[in-house]
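This report covers pockets, aromatic pairs and selected residues. Please keep the sequence and the model open while reading.

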Amino acid sequence: MKHQLNIIIGSTRPGRAGPVFAEWLERFAREHGKFEPVLTDIDTFKLPVLDEPHHPRLGNYQNDHTKAWSKAIDAADAFVFVAPEYNYFVAPAIVNAIDYLSREWKYKAAAIFSYGGVSGGLRAAQALKPLLTSVGVTPISEGVALPMYQKLLDVNGAFNASEQVQGGAKTMLDELLRWSEALKPMRAA
């Protein structure tokens, strides 16, 4: 059985580019053939700023949006965060979504597919990694960064990945699978 890969769309802004990149990555991961990719759009869960009355480590969720988010994240074996860079940092929607849960994240590997201006979102990716480790996720060093991402979209807003991006995505998925398999016994315990 293939590992489930949740491709998390991290931007909730109107006019966001994240879904374009996530949809490309979902198709690419399906062709890669080693994961069962699932698009997971933070925006569809409508998570307000953390509003649960109990600490996430208790798993005593009161709100339907939290229960749905918990179910989506719990089902995953690994993640790719499609992460924009906002003000040299990770998108607040990602931080909030991570803070909502605890045990659902544990013993899973994550990669980051970042996009932004000149840095390609690398500052956001680096800021995200310590947060992931604090909830028990193992962030891998392999990832994809898209600098000046607007120039990578055609006139219709579609993303046609270069050979370099495709090669980076393949390397990222290969390594992510290794980590996901290595962590599987810990997830099962």
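## A partly exposed loop residue

A residue counts as buried under 20% relative accessible area, as exposed over 50%, and as partly exposed in between. The model discussed here is predicted. M148 has a relative accessible area of 36%, so it is partly exposed.

M148 sits in the loop between β7 and α6. Beyond its neighbours within four places in sequence, M148 is in contact with G116, G117 and V118. L25 is 123 residues away from M148 along the chain, and their C-alpha atoms are separated by 18 Å.

## The aromatic cluster

The structure holds 13 aromatic pairs. F21 and F113 form a tilted one, with 6.1 Å centre to centre and 35° between the planes. This pair links distant parts of the chain: F21 belongs to helix α1 (residues 18-32) and F113 to strand β5, 92 residues apart. F21 is buried, with a relative accessible area of 0%. F113 is buried as well, with a relative accessible area of 0%.

F21 also pairs with Y149, and here the geometry is edge-to-face: 6.0 Å centre to centre, 80° between the planes. F21 lies in helix α1 and Y149 in the loop between β7 and α6, so the pair ties together parts 128 residues apart in sequence. Y149 has 19% relative accessibility and therefore counts as buried, since the cut-off is under 20%. One aromatic cluster is formed by F21, W24, F28, F113, Y115, Y149 and F159.

## The largest pocket

The largest pocket holds about 200 Å³ of space. Its lining has 16 residues, and R13, P84, Y86, Y115 and Y149 lie nearest the centre. Y115 and Y149 are also members of the aromatic cluster.

Strand β3 (residues 78-86) gives the most to this lining, with three residues. By type, the lining of the largest pocket divides into seven nonpolar, five polar and four charged residues.

## The second largest pocket

The second largest pocket has a volume of about 160 Å³. Its lining consists of G143, V144, A145, L146, P147, L152, S162, Q164, V165 and G168. Two elements give two or more residues each: β7 (144-146) and α6 (163-188). Six of the lining residues are nonpolar and four are polar, with no charged residue among them.

## S114 in strand β5

S114 is placed in strand β5 (residues 108-115). Is S114 buried or exposed? At 1% relative accessibility, S114 counts as buried. Its side chain reaches the backbone oxygen of G120 at 2.7 Å.

Leaving aside neighbours within four places in sequence, the contacts of S114 are A83, G120, G121, L122, A125, V144, A145 and L146. Among these, V144, A145 and L146 also line the second largest pocket.

## Helix α4 and its packing

Helix α4 (residues 92-99) has these buried residues: A93, I94, N96, A97 and I98. Which elements do the buried residues of α4 pack against? They pack against α2 (42-45), α3 (64-74), β3, β4 (89-90) and α5 (122-134).

## R187 in helix α6

R187 is found in helix α6. A polar contact of 3.5 Å joins its side chain to that of D77. With neighbours within four places in sequence left aside, R187 is in contact with H3, D77, K106, Y107, K108 and S180.

Note on methods:
Residues are numbered from 1 along each chain as its sequence is written. This is a predicted model: local features need pLDDT of at least 70, side-chain atom pairs count only at pLDDT 80 or more; totals for chains, interfaces and linings use all residues. Side-chain values use heavy atoms; hydrogens and water are left out. On a 1 Å grid over the protein atoms alone, a cavity is a set of points where a 1.4 Å probe fits but cannot get out, and a pocket is an open set with protein on both sides within 12 Å along at least five of seven lines; lining residues have an atom within 4 Å of a point. Grid points are joined across faces, edges and corners, and a volume is the space filled by probe spheres set on the points. Helices (H or I, at least four residues) and strands (E, at least two) are DSSP runs, numbered from the N terminus. Ala, Val, Leu, Ile, Met, Phe, Trp, Tyr, Cys and Pro count as nonpolar, Asp, Glu, Lys and Arg as charged, and the others, Gly among them, as polar. A polar contact is a pair of N or O atoms within 3.5 Å; within protein, one must be able to donate a hydrogen and the other to accept it, and residues adjacent in sequence count only if both atoms are side-chain atoms. Contact means heavy atoms within 4.5 Å. Buried means under 20% relative accessible area, exposed over 50%, partly exposed in between (1.4 Å probe, protein chains only). Rings of Phe, Tyr and Trp (its six-membered ring) pair if their centres lie within 6.5 Å; planes under 30 degrees apart count as stacked, over 60 as edge-to-face and the rest as tilted.
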